Amino acid sequence: MNGYQRFVAGREPVWDAFEQSLEKAGPKLRRVGYEDLEQLSFRYRQILHDHALAAQRFPETGAARRLRRLALEGTRRLAGENRGRRRGLGHFFAQRFPRAFRAQAGTTAVAVIIFLGAVALGLIAAAARPELGVAFVGEEARQGLAEGELWTEALGTTVPSSTASSEIATNNMSVAMTAWAGGALAGLLSLYILLLNGVMLGAVLSLTMHYAMAGQLFEFIAAHGPLELTLIVVSAAAGLTLGKALVAADDRPRGVALADAARSSLTVMLGCLPWLLVLGVVEGYISPAPGVPAVVKTAVGLSLQGIFLILAWNPWLKEADS
């Protein structure tokens, strides 16, 4: 047993007891008697001591992260920082969502790599076997491409924009929720959603390139595509975060790691939902509109993606605010 393992084995009962005391006390310590409060304060000092020790000798380990979280939570409870503070939507989108988004940044980067790899795979495979692209859009759409007509052109004439917007928003939410909830299956369904959407995008792009219609496809997806793909990747990354806690939890107790991952991934998912509604409007009204220039659609798409990423990361949020 090395030094880190001895440290965790010897001190973990204290951490568990402190965490249980916080849960028992409730959010504002109103149910805590004098003796319990004394005991809670004593354990809080032990947590601070262990936190300082872990930060110095075992940084970035599971124990160090757990102790940091316990120290912050203990400080908030005992200092009464929650008293009188309103925790509305503003706090959620300004602090909770960015913190959760930042926490899964590594998993999001992995998800981006997987997605781009799947796009490349779809491009190459459909270039060799165009029927792969046809499998995603259908034979009727392929015939339209052969006649110089993109299948998306019918969207603005066959279905009212309001109906299309509602259906698109519902479908986008369904995909994002599935990508997130797929984390409960050890992340396998989240991974499948990532791969499927990546291969589909690559294959359809390759098919339109085959018929010299890629420019029209880019014009159609320019307004909604950047943010839509970003939200799919972020939602899938939230699912992968959950799946990782299930199958490869760090040295924290699995229940603690899973609870943290579930809370963080759900926060990310909830933060993405309003943007899926925005996407429905853009995809229903702007994307199929022939009168909107391609440059305007591109500006809308890049702006939406940029605004989402800035608000999700929130560069003005300092660590001390956490």
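This is a predicted model: local features need pLDDT of at least 70, side-chain atom pairs count only at pLDDT 80 or more; totals for chains, interfaces and linings use all residues.
**The aromatic pair**

The structure holds 11 aromatic pairs. In one of them, the ring centres of Phe-101 and Trp-313 lie 6.4 Å apart with the planes at 85°, so this pair is edge-to-face. The cut-off behind that label is an angle over 60 degrees. The two partners come from distant parts of the chain, 212 residues apart: Phe-101 belongs to helix α4 (residues 89-103), while Trp-313 belongs to helix α14 (residues 294-313).

Both rings are also members of one aromatic cluster, made up of Phe-92, Phe-93, Phe-97, Phe-101, Trp-275, Phe-308 and Trp-313. Trp-313 has a charged neighbour too: Arg-102 sits over the face of its ring, 5.2 Å from the ring centre.

**Burial**

How accessible are Phe-101, Trp-313 and Gly-301? Here are the values for each residue.

| Residue | Relative accessible area | Class |
|---|---|---|
| Phe-101 | 9% | buried |
| Trp-313 | 38% | partly exposed |
| Gly-301 | 0% | buried |

Phe-101 counts as buried because its 9% falls under the 20% limit.

**Gly-301**

Where is Gly-301 placed? You will find Gly-301 in helix α14, the helix that also holds Trp-313. Leaving aside residues up to four places away in sequence, Gly-301 touches Ala-222, Ala-223 and Pro-226. As for Ser-287, 14 residues from Gly-301 along the chain, the C-alpha atoms of these two residues are 9.6 Å apart.

Terms used:
Residues are numbered from 1 along each chain as its sequence is written. Side-chain values use heavy atoms; hydrogens and water are left out. Rings of Phe, Tyr and Trp (its six-membered ring) pair if their centres lie within 6.5 Å; planes under 30 degrees apart count as stacked, over 60 as edge-to-face and the rest as tilted. Helices (H or I, at least four residues) and strands (E, at least two) are DSSP runs, numbered from the N terminus. Buried means under 20% relative accessible area, exposed over 50%, partly exposed in between (1.4 Å probe, protein chains only). A charge sits over a ring if NZ of Lys or CZ of Arg is within 6 Å of the ring centre and within 35 degrees of the ring normal. Contact means heavy atoms within 4.5 Å.
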